[in-house]
Amino acid sequence: NVQREDLEVATQTLNGVVDIIEPDCVIFVSSKAKRHLAKHLEVESRGVPHPACAWWYRASKHGTGKERFIHYLSEIRSH
């Protein structure tokens, strides 16, 4: 279970890194992390399942997690 302190520390850390490296987009490689942290970012974000998760290779209506990750990277590079 995600605790309030977990969210505070993770949000502060993630925003600190974003401020330093100034990415155009953050890709969360964890659905849980995206669900809890993306709304606290001031930069666009995407999310895919963790590579150790079955959904990394399992097809969904949006493709596998791996396919989505590659697609997002290609999309970001083309901008």
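The numbered points below comment on the predicted model shown above.

1. Basis of the model. The structure is a prediction, in which local features need pLDDT of at least 70 and side-chain atom pairs count only at pLDDT 80 or more, while totals for chains, interfaces and linings use all residues. Residues are numbered from 1 along each chain as its sequence is written, and side-chain values use heavy atoms, with hydrogens and water left out.

2. Overall architecture. The protein has three helices and two strands, arranged along the sequence as α-β-α-β-α. Helices (H or I, at least four residues) and strands (E, at least two) are DSSP runs, numbered from the N terminus. The C-alpha atoms fill a box of roughly 35 × 35 × 15 Å, taken along the principal axes.

3. Burial and surface. Of the 79 residues, 27% are buried; buried denotes under 20% relative accessible area, exposed over 50%, and partly exposed in between (1.4 Å probe, protein chains only). The accessible surface comes to about 5900 Å², and carbon and sulfur atoms hold 52% of that area. These areas come from the Shrake-Rupley method with a 1.4 Å probe; for residues, only the protein chains shown count as cover.

4. Nonpolar core. The largest nonpolar core consists of eight residues: Leu14, Val18, Val26, Phe28, Leu37, Ala38, Leu41 and Val43. Helix H1 and strand E1 (25-28) are the elements that give two or more residues to this core. Such a core is a set of buried Ala, Val, Leu, Ile, Met, Phe, Trp, Tyr and Cys residues joined through side-chain atoms within 4.5 Å.

5. Contacts of Val43. Not counting residues up to four places away in sequence, Val43 touches Val18, Pro23, Asp24, Cys25 and Val26, where contact means heavy atoms within 4.5 Å. Across the protein, residues 24 or more positions apart account for 29% of the contacts with a separation of 6 or more.

6. Thr11. This residue lies in helix H1 (residues 4-21) and counts as buried because its relative accessibility is 16%. The side chain of Thr11 reaches the backbone oxygen of Leu7 at 2.7 Å. Thr11 also touches Leu37 and His40, again not counting residues up to four places away in sequence.

7. Glu22. The loop between H1 and E1 contains Glu22. Phi of Glu22 is near 50 degrees, a positive value in a residue other than glycine. Glu22 counts as exposed because its relative accessibility is 62%.

Note on methods. A polar contact is a pair of N or O atoms within 3.5 Å; within protein, one must be able to donate a hydrogen and the other to accept it, and residues adjacent in sequence count only if both atoms are side-chain atoms.
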